[in-house]
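Good morning, colleagues. Please turn to the display while I describe how two chains meet.

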Amino acid sequence: MRFFPGPNGGCRLPSNLLIVNEADAAILTRAKSGNREAFRTIVERHSAGVFRVAYRLTRSEQDAEDVVQETFLKAYAELRSFEGRAALGTWLHRIAANCAIDLIRRRPAVAGEPVDAEPAIMRVASASPGPDRQAAGREMREHVEAALADLTPLERAAFTLRHLEEQSIEEICRVLGQSPSATRHSIFRAVAKMRRSLAPLVGVQP
Amino acid sequence: MNHIQEELLIAVVLDEAEPRTRADVELHLAGCESCRNEAEEVRRVLRAAVSDDVPERGPDYGAHVWARLEPRLPPAARHRSSWVDARPWLAAAAAVLLAVSAFVIGRWSGAPLDTTRESAAVHEISTDPRSVRERVVLAAVGDHFERAERALVELAHATDEGTVDIGAEQAWARQLLDVNRLYRQSLQDASSPVLSDLLGELEPILLELVNSPSRLSEPELRALQARIEERSLVFKLRVTGAQMRARQRTLFHDGEPTS
């Protein structure tokens with residue numbers, strides 16, 4: 001199965017794609033002709049979105065910042081082959097996803113923090129106001145972080161891109177270099193694992 | 001009673017199941033509290049997952065990213081699409097040029113550029129139809145020179161082992177050639193030797209490129225590159241283009257008060 005790394009060891013770029021929104025179209029044309037100011041506009045316009053994808057996949061601010069840089073370097077190098085069949089933002093997010101996945105696979109595994117089994121959701125739902133609820137919310141986020149960290153890079157990528165970034169299965173296939181069937185299985189496995197981690201917090205009373 | 005398998009349940013909750021399968025599952029859920037609870041649990045897990053906390057980035061984040069990125073970018077990216085990006089409007093520009101150039105070109109008869117004209121003369125010039133027409137010529141031919149320069153630079157730097165596919169370059173050379181002929185003809189008629197001579201030098205190279213095989217051997221490519229080099233075409237296009245841009249700027253700024 002062809003998976004994350006590109007032929008040169010760097011992150012693999014997605015194949016080129018679909019539509020360009022009108023706001024990006026003019027600036028893209030100028031950037032493709034080598035206009036740096038135009039590329040700067042692209043960077044400034046899309047940095048936050050690229051960071052969000054990178055962070056959701058790496059779960060690390062520093063790594064996400066590195067991915068942002070790598071993404072725009074790759075995009076600059078490949079801009080001329082971008083055919084505009086995808087939204088520019090979508091294309092950049094795909095590059096970011098590949099760069100993030102490469103980075104995750106390169107870095108050594110870190111043992112996850114033990115997860116507190118106490119049902120935080122119950123505290124969220126309790127009548128306790130103010131700080132307690134905020135603390136419970138933070139705790140829930142920590143549990144979610146831990147659950148996401150327990151996923152394999154592939155599962156996390158598939159789940160994040162589908163559920164958090166709301167990309168289509170077809171788009172995720174291109175990023176991950178998988179078949180639609182394999183991509184769906186990655187997502188299902190991710191959800192099943194997340195469920196096992198978070199069920200005590202969100203448990204439904206029969 | 002058989003319950004719904006987890007994977008199928010997840011597929012339904014994620015809206016990834018086939019419509020018919022989904023309908024079957026929903027029918028089952030209507031009568032099975034246990035599976036309904038399972039489905040609800042999956043939904044809650046998914047909702048909880050959305051609560052992930054992406055650190056905020058300020059409004060100037062893009063500028064920070066650029067500040068880090070800019071020094072790492074290659075100094076002069078040559079994008080094939082930059083000149084492979086010729087557009088039909090070039091032909092339209094040529095038509096406009098043909099219409100106006102006969103009135104204009106005395107200004108480009110080889111005299112040095114006068115970029116220091118007194119502003120007192122500016123209003124008169126900027127409202128003068130000749131000034132407007134000159135701007136049109138400068139914009140159209142200047143853009144043509146810029147595209148041609150980028151095309152030749154890219155060709156001059158093309159390297160490959162074995163044969164080189166120049167099909168894309170040929171397509172664009174064909175477009176540049178058509179426009180080049182139009183411009184040269186109109187500028188010749190208007191007695192503008194500086195520009196028409198340069199267009200005349202450019203034409204045989206474009207013609208050669210158009211008529212070449214779509215794949216060149218390495219020696220053929222080297223020979224073509226040498227011919228471009230020996231005519232100093234890139235240099236001439238660059239210098240003339242810069243002069244034209246300077247002249248354009250002068251006209252533009254001079255014209256601003258009246259616009």
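The buried residues of α3(A) are covered by elements that include α2 (36-58) and α4 (88-106) of chain A, together with α4 (61-69) of chain B. Helices here are DSSP runs of H or I with at least four residues, numbered from the N terminus. This is a predicted model, in which local features need pLDDT of at least 70 and side-chain atom pairs count only at pLDDT 80 or more, while totals for chains, interfaces and linings use all residues. Residues are numbered from 1 along each chain as its sequence is written, with chains lettered from A and ligands numbered from 1 in the order in which they are written.

Among the buried residues of α3(A) are V67(A), V68(A), F72(A) and Y76(A); buried denotes 20 or more other C-beta atoms within 10 Å of a residue's own, with C-beta atoms placed from the backbone.

Now to the interface. In total, 39 residues of chain B are in contact with 41 residues of chain A, contact being C-beta atoms, placed from the backbone, within 7 Å. On the chain B side, α3(B) gives the largest share, 11 residues.

How do the axes of α2(A) and α4(B) cross? They come within 8 Å and cross at roughly 125°, axes being lines fitted to C-alpha atoms over the stretch in contact, with angles from 0 to 180 degrees between N-to-C directions. The two helices, α2(A) and α4(B), are therefore oblique to each other: angles under 35 degrees count as roughly parallel, over 145 as roughly antiparallel, 65 to 115 as roughly perpendicular and the rest as oblique. Residues making this contact include R40(A) and V43(A) of α2(A), and Y61(B) and W66(B) of α4(B).

Methods
Buried ≥ 20, exposed ≤ 12 C-beta atoms within 10 Å, placed from the backbone. Contact = placed C-beta atoms within 7 Å.
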